[in-house]
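Please consult the sequence and the model while reading.

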Amino acid sequence: MGENQPLLVERNGINATNQPAVHVGDEDCKTTEELLKEIGLTKTERKHSLIVLGFFWFFSGIEYAVILPTIWTFLQSQGMYNRWFLGLSISAFSIASMVSSPLFGLFADTGGVKRLVLLSCVFMVIGNFVYFIANDAYCILQARFLCGFGSGAAAASFAYLARASTVKERTTVVGSIVASRQFGILIGPALNFAFEGISIDMKPFIFDNLSSPGFIMAILWVFCGLFAFIWFKDMLPPKTESSTRSIRSKSGRSTTSHDRDKAIVTANNVVKPLLSDGTDDVVASEQDKANDDDDDD
């Protein structure tokens with residue numbers, strides 16, 4: 001292996017040694033202004049949209065913390081004492097979420113995230129209201145399933161966060177959203193304490209410490225839906241990824257591959273384009289010619 005051995009650089013991911021080529025993407029260098037222009041939002045619109053998603057996750061955390069502590073007692077008050085039904089009622093939320101998340105993600109790619117957030121809020125309002133008016137254990141089960149289905153927008157929201165933030169901002173943005181849910185889990189139990197001992201007959205419904213979590217969450221999700229309707233903005237659909245990419249050399253030059261073009265970089269920093277047809281033969285020919293020149297010297 002001599003000094004003049006060429007280095008094959010290919011834009012399609014495989015170099016002369018059949019090893020994956022290392023690409024330096026423009027994503028890492030994108031500024032906030034460039035990102036906002038690409039997604040079609042202003043700074044204010046992006047800020048408001050991220051705040052709405054923060055509320056979405058915040059209310060999700062509250063619901064988790066306000067429902068679980070009392071659901072077993074609520075089931076018992078409706079005449080259900082089988083513990084397997086408690087497990088079923090709790091898992092119904094996750095089962096429904098497992099079904100809805102891929103569906104919401106599919107529609108997010110084509111129809112935007114805003115309508116999915118609004119649809120989630122509708123499911124959450126209905127599910128929690130059913131929980132509030134439940135008069136038997138199966139109503140509670142149905143309510144938790146509806147709420148779980150509404151949580152499907154959570155997956156789509158992470159895709160929104162990824163597109164609405166630069167690489168440098170992404171960890172902070174995602175971390176803030178996750179922290180909002182944890183904050184909701186933290187203060188959720190306080191709402192149970194606030195309604196402890198309350199029992200109001202609102203015929204045909206009863207507002208007490210067992211049914212009140214459903215009423216509280218239904219109201220909160222109504223507000224979340226209003227926030228999303230007013231402030232949340234969809235981004236422009238992502239552009240189809242271009243087949244043209246650039247590889248930056250140490251000297252700052254770049255080569256592109258519209259038609260599977262390749263380049264030979266010799267020790268003298270001479271760049272020669274090669275077509276994909278007969279590439280290996282041309283590489284070998286260039287190397288033999290360089291070796292012959294050394295022998296003549």
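The model is a predicted one, in which local features need pLDDT of at least 70, side-chain atom pairs count only at pLDDT 80 or more, and totals for chains, interfaces and linings use all residues. Residues are numbered from 1 along each chain as its sequence is written, and side-chain values use heavy atoms, with hydrogens and water left out.

**Overall composition**

- Nine helices and seven strands are found in the protein chain; helices (H or I, at least four residues) and strands (E, at least two) are DSSP runs, numbered from the N terminus.
- Of the 297 residues in the protein chain, 38% are buried, where buried means under 20% relative accessible area, exposed over 50%, and partly exposed in between (1.4 Å probe, protein chains only).
- Among contacts in the protein chain with a separation of 6 or more, 71% join residues 24 or more positions apart, a contact being heavy atoms within 4.5 Å.

**α2 with α6**

- The axes of helix α2 (residues 43-77) and helix α6 (residues 153-163) come within 11 Å and cross at roughly 150 degrees; axes are lines fitted to C-alpha atoms, for helices over the stretch in contact, and angles run from 0 to 180 degrees between N-to-C directions.
- The two helices α2 and α6 are therefore roughly antiparallel (under 35 degrees counts as roughly parallel, over 145 as roughly antiparallel, 65 to 115 as roughly perpendicular and the rest as oblique).
- On the α2 side the contact is made by S49, L50, L53, F56 and W57, and on the α6 side by A153, A154, S157, F158, Y160 and L161.
- These contact residues of α2 and α6 comprise nine nonpolar, two polar and no charged; Ala, Val, Leu, Ile, Met, Phe, Trp, Tyr, Cys and Pro count as nonpolar, Asp, Glu, Lys and Arg as charged, and the others, Gly among them, as polar.

- The axes of α2 and helix α7 (residues 167-194) come within 6 Å, crossing at roughly 35 degrees.
- The α2 and α7 crossing is right-handed, and its contact residues divide into 16 nonpolar, seven polar and three charged.
- Helices α6 and α7 pack with axes 9 Å apart at an angle of about 150 degrees, which makes α6 roughly antiparallel to α7.
- The crossing of α6 past α7 is right-handed; F158, L161 and A162 of α6 meet R170, V173, V174, I177 and V178 of α7.
- That contact of α6 with α7 has seven nonpolar residues, no polar and one charged.

**Helix α4**

- Helix α4 (residues 114-133) has 20 residues and spans 29 Å from its first C-alpha to its last, close to the 28 Å expected at 1.5 Å a residue; the expected span is 1.5 Å times one less than the number of residues.
- Buried residues of α4 include L116, V117, S120, C121, M124, V130, Y131 and F132.

**Individual residues**

- T166 lies in the loop between α6 and α7 and counts as buried at 6% relative accessibility.
- Beyond its neighbours within four places in sequence, T166 is in contact with K30, T31, T32 and L35.
- K37, in helix α1 (residues 32-39), is exposed, with a relative accessible area of 73%.
- The C-alpha atoms of K37 and L236 are 9.5 Å apart in space, although these residues are 199 apart in sequence.

Note on methods:
A crossing is left-handed if the near helix is turned anticlockwise from the far one by less than a right angle, and right-handed if clockwise.
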